[in-house]
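Work through the exercises below with the sequence and the model in view. Try each task before you read its solution.

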Amino acid sequence: MGPVRDANPTARILLAERQRRDVHVVVNAATSADGKLSSRRREQIAISGPEDFDRVDRIRADSDAVMVGVGTVLADDPSLTLDDAERRERRTENGWSPNPARVVADSRARTPTDARVLDDEATTYVLTGADAPDERIDALRAAGAEIVPTSSERVDLDAAVEQLEAAGIDRLMVEGGGELIFSLFSAGLVDELSVFVGSTIIGGRDAPTLADGEGFVEEFPALALEDVERLDDGVVLTWSA
Ligand SMILES: NC(=O)C1=CN([C@@H]2O[C@H](COP(=O)(O)OP(=O)(O)OC[C@H]3O[C@@H](n4cnc5c(N)ncnc54)[C@H](O)[C@@H]3O)[C@@H](O)[C@H]2O)C=CC1
Ligand SMILES: Nc1nc(O)c(N)c(N[C@@H]2O[C@H](COP(=O)(O)O)[C@@H](O)[C@H]2O)n1
């Protein structure tokens, strides 16, 4: 990775940002052939297949925590736990929790108290912003969430990652959605990006894409292509950042 970054001044700036943290951040997502994460109705779509879901499960198993934005919780209600019982067992044998912890970036503490990420299967950290209502924070705490407060309107991802690191999270997998992924690139926090690109077109200017947010206009994060793999009816592309 070193020589690739050194050859690129933009990457050098991002590297300087990233060196402040030791947490390794791996972003993983599935997109349609036209780069969409889901339809404009924000309904979860089966973009990939069983081989890719197994690959996702493997990355989860190797992670200390799996993170999503609250938009994904509200749209998909994911569990973010491991499907494969043997992987859970192996983690336990290694002295880890059976499932990785879960992390939700949720500025205003909108995560529903009956969301699957708040079940008893794993520790769940909810990262909040300065404007999160106290009663919502109390409700999430009562539902079992560990609140990680930050002091900006949207979650200050740099500060939040620092707090997660202090809680023992060294390897953080991020599963989306597009708003959160853009912000992580913007903060220079991404180390690795894996995208399953499927063989379907979703279309729609309002459908979420891999990196939404405001978009970059001057400096664009540079990636180095590390691997290309055929899987299911698509391809997995892996870059280092
Ligand atoms: N195909 C795939 O691999 C995946 C698809 N998705 C899809 O993505 C869509 C959800 O994506 P989005 O709407 O983009 O929501 P998101 O999951 O990126 O969450 C965005 C929300 O997170 C909160 N947030 C707090 N701090 C933030 C920060 N610093 N930066 C950005 N957001 C911050 C805000 O409330 C913001 O509205 C759903 O349709 C879901 O189905 C989600 C995950 C994976
Ligand atoms: N890798 C992948 N392939 C697809 O085809 C998808 N639709 C998604 N979506 C995301 O996967 C997460 C599901 O989590 P659980 O299995 O419920 O734990 C969720 O975040 C979806 O948005 N991913």
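**Exercise 1. Find what share of the contacts in the protein chain between residues at least 6 apart in sequence join residues at least 24 apart.**

Step 1. Count a contact when heavy atoms lie within 4.5 Å. Step 2. Keep pairs at least 6 apart in sequence; 69% of these contacts join residues at least 24 apart.

The model is predicted: local features need pLDDT of at least 70, side-chain atom pairs count only at pLDDT 80 or more, and totals for chains, interfaces and linings use all residues. Residues are numbered from 1 along each chain as written, chains are lettered from A and ligands numbered from 1 in written order, and side-chain values use heavy atoms, without hydrogens and water.

**Exercise 2. Compare the radius of gyration of the protein chain with that of a compact globule.**

Step 1. Take the radius over C-alpha atoms; the globule rule is 2.2 Å times the number of residues to the power 0.38. Step 2. For 241 residues the rule gives a value near 18 Å. Step 3. The protein chain has 17 Å, which agrees. Step 4. Step 5. Turn to burial, which means under 20% relative accessible area, with exposed over 50% and partly exposed in between (1.4 Å probe, protein chains only). Of the 241 residues, 46% count as buried.

**Exercise 3. Find which residues form the aromatic pair, and describe the pair.**

Step 1. Rings of Phe, Tyr and Trp (its six-membered ring) pair if their centres lie within 6.5 Å; planes under 30 degrees apart are stacked, over 60 edge-to-face, the rest tilted. Step 2. The whole structure holds one such pair. F182 and F216 form it, tilted, at 4.7 Å centre to centre and 45° between the planes. Step 3. F182 lies in helix α8 (residues 178-186) and F216 in the loop between β7 (192-197) and β8 (224-231), so the pair ties together parts 34 residues apart in sequence. Step 4. F182 is buried at 10% relative accessible area, whereas F216, at 29%, is partly exposed.

Definitions and conventions. Helix = DSSP H or I, 4+ residues; strand = E, 2+ residues; numbered from the N terminus.
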